[in-house]
Amino acid sequence: MVRLYAAGGDAVTVVEDGSFETGLDGRGARCLAFDPGDSETLYVGTTDEGLFKSVDGGGSWDGLSGIEHSRVTAVAVSPVDGAVYAGTEPSALFVSRDGGDSWRELEEMRKLPSQPTWSFPPRPWTSHVRAIALSYTNPDLVVAGIELGGVLRSTDGGETWQDQRPGAQPDCHSLSAHPRAPELFYEAGGGGFARSTDFGDSWEGVDGGMGLHYVWGLAVDVEDPTLVYASAASGPYRAHGRGPSGAAVYRRLGNEPWRTALEGLDNLPYALCPDPEVPGAVYAGLGDGTILRGEDAGEVWEEVARVSPGLDALVAVHK
């Protein structure tokens, strides 16, 4: 059985066996990550109240102190050594190596030459860490995506950084790695989709077959690292505006062109995640709170849940 965690709509919703439980109500939940070593342990970042942790599958929550900024925009847990990374607005990255009890800023990221140019268009005086991805084999490999500022890479656990990586999308929205292909890496960005075959050192655009290029959500199949899903709209105003988004979900297998799996959606799928138990199955969390499940590599879709509008993040874990 699969348990779904959805963040957004000012709460975290746990969907399991057809039942729903909410937590952190009114706290502005916006990003989440579970511990690969313990699916009952979950971290949730909020808009203005910092980072929270649950060790009982979302049943109860504890606020974590030690992160300088209260707006936590990305969180990830290393599948190798359990280190927890939290990104914030303004753009900074913090790490905890004791399960969130203490934190240290990885200050060198803010000293990169490109840092003065980082700027989020709706709030041009600031930017934020939108995505964090960690290696499944090397605990020292860390990749961070800045909205808007590019993709940054560290080979020593965040102590030093390589600045904006060539070929990557500067407007980063999502990043993803895969345990079965340690060097293969993907990015969804505001100008398209990019792929790296050296864990984020260099990148190439892979947009062939996509009709929409403002790409947001990203998921990789649980077994096949070359089966990838992405959500996209024609631009930011259609994606995030009040009218129909006209968004689509695309899928790509190997080096084939992208194919449309869903199209003409009223709401952008802000979050995509693989089914952890069924190859070829994927979940899509739409902005209005609808959660869809696709089977046969996105050939067949059905609604499986509806949570509060404002869904921002979605993960599926083994029960």
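The model is a predicted one. Side chains of opposite charge can pair when their charged atoms come close.

**Stop one: arginine 110.** Select arginine 110 together with glutamate 105. The two form a salt bridge, with the closest N and O atoms 2.3 Å apart. Is glutamate 105 buried or exposed? Glutamate 105 is buried, at a relative accessible area of 12%. Arginine 110 is partly exposed, at 37%.

**Stop two: arginine 259.** Now pick arginine 259 and glutamate 299. Their side chains meet in a salt bridge, 3.5 Å from N to O. Arginine 259 belongs to strand E22 (residues 259-265), while glutamate 299 sits in the loop between strand E25 (290-295) and E26, so this pair ties together parts 40 residues apart in sequence. Arginine 259 has a relative accessible area of 45% and is partly exposed. Glutamate 299 is also partly exposed, at 46% relative accessibility.

**Stop three: aspartate 288.** Aspartate 288 and arginine 306 join their side chains in a salt bridge of 3.7 Å, N to O. Aspartate 288 is in the loop between strand E24 (282-286) and E25, and arginine 306 is in strand E26, so the pair ties together parts 18 residues apart in sequence. Aspartate 288 counts as partly exposed at 24% relative accessibility. Arginine 306 is partly exposed too, with 47% relative accessible area. Next, select Asp48, Arg71, Glu89 and Arg123: salt bridges with shared partners join these residues into one network.

**Stop four: a sheet.** Switch to cartoon view. Look for an open sheet of four strands in the order E3-E2-E1-E27, paired antiparallel. Which strands form the edges? Strand E3 (19-23) and strand E27 (311-318) do, each pairing on one side only. Neighbouring strands of the sheet are turned by 20° against each other on average, direction ignored. Zoom in on E2 and E3, which pair in the antiparallel sense over five bridges. Threonine 13 has threonine 22 in E3 as its bridge partner.

**Stop five: a pocket.** Finish at the second largest pocket, with a volume of about 210 Å³. Strand E1 (2-8), strand E2 (11-16) and strand E26 (300-306) each supply at least two residues of its lining. Select the lining: Met1, Val2, Leu4, Val15, Glu16, Asp17, Gly18, Glu277, Tyr283, Arg293, Val304 and Ala305. Colour by residue type: seven of these lining residues are nonpolar, one is polar and four are charged.

Methods: Residues are numbered from 1 along each chain as its sequence is written. This is a predicted model: local features need pLDDT of at least 70, side-chain atom pairs count only at pLDDT 80 or more; totals for chains, interfaces and linings use all residues. Side-chain values use heavy atoms; hydrogens and water are left out. On a 1 Å grid over the protein atoms alone, a cavity is a set of points where a 1.4 Å probe fits but cannot get out, and a pocket is an open set with protein on both sides within 12 Å along at least five of seven lines; lining residues have an atom within 4 Å of a point. Grid points are joined across faces, edges and corners, and a volume is the space filled by probe spheres set on the points. Ala, Val, Leu, Ile, Met, Phe, Trp, Tyr, Cys and Pro count as nonpolar, Asp, Glu, Lys and Arg as charged, and the others, Gly among them, as polar. Two strands pair if DSSP finds at least two bridges between them. Axes are lines fitted to C-alpha atoms, for helices over the stretch in contact, and angles run from 0 to 180 degrees between N-to-C directions. A salt bridge is a side-chain nitrogen of Lys or Arg within 4 Å of a carboxyl oxygen of Asp or Glu. Buried means under 20% relative accessible area, exposed over 50%, partly exposed in between (1.4 Å probe, protein chains only).
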